[in-house]
Amino acid sequence: MPDAHHRRSALSRLLLVAENYPNLKSDQNFRDLQSQLEGTENRIAVARRRYIETVAEYNKVVQRFPTSIGSSMRGRAVRPTFSAEPGMEKPPEVKL
């Protein structure tokens with residue numbers, strides 16, 4: 001059977017964990033948010049790359065003979081590709 005010292009020590013550790021629980025929970029929430037932001041940034045980068053590749057392929061087809069004749073008859077023209085201002089490749093800064 002544990003003696004009084006061990007019981008007090010265990011109780012002290014439990015109280016310490018209970019007191020720090022909000023901090024532990026907020027740390028985990030922050031890590032989760034950080035992970036979600038990184039995932040979102042990656043999905044945006046992948047979608048942007050796919051869009052640019054798709055537009056480039058479309059433009060090749062529209063400009064290639066003989067499809068260029070049919071394309072011009074149907075009003076299909078070269079599409080502009082994605083472009084952004086310099087510095088936009090960096091993700092926005094999240095301030096908490």
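Author: A pocket is an open set of points on a 1 Å grid over the protein atoms alone, with protein on both sides within 12 Å along at least five of seven lines, and lining residues have an atom within 4 Å of a point. This is a predicted model, where local features need pLDDT of at least 70, side-chain atom pairs count only at 80 or more, and totals for chains, interfaces and linings use all residues. Residues are numbered from 1 along each chain as its sequence is written, and side-chain values use heavy atoms, with hydrogens and water left out.

Reader: What volume does the largest pocket have?
Author: Grid points are joined across faces, edges and corners, and the volume is the space filled by probe spheres set on them. Among the residues lining the largest pocket are Glu41, Arg48, Met88 and Pro92. For that largest pocket, the volume comes out at about 190 Å³.

Reader: How many of the residues lining the largest pocket are charged?
Author: The lining includes Glu41, Arg48, Glu89 and Lys90, and Asp, Glu, Lys and Arg count as charged. By class, there are five nonpolar residues, one polar, and the number of charged ones is four.

Reader: Which residue does a cis peptide bond join to Phe65?
Author: Start with the helices (DSSP runs of H or I, at least four residues): the chain has two of them, and zero strands (E runs, at least two). The loop between α1 (4–63) and α2 (67–73) is where you'll find Pro66. With omega at about 10 degrees, the cis bond joins Phe65 to Pro66.

Reader: Is Thr54 buried or exposed?
Author: Thr54 sits in helix α1, and its C-alpha is 9.2 Å from that of Thr81, 27 residues away in sequence. The cut-offs are simple: buried is under 20% relative accessible area, exposed is over 50%, and partly exposed is in between (1.4 Å probe, protein chains only). Because its relative accessibility is 52%, Thr54 counts as exposed.

Reader: How far apart are Arg49 and Glu53 along helix α1?
Author: Arg49 and Glu53 are four residues apart in that helix. That's why their separation is about one helical turn.

Notes
On a 1 Å grid over the protein atoms alone, a cavity is a set of points where a 1.4 Å probe fits but cannot get out, and a pocket is an open set with protein on both sides within 12 Å along at least five of seven lines; lining residues have an atom within 4 Å of a point.
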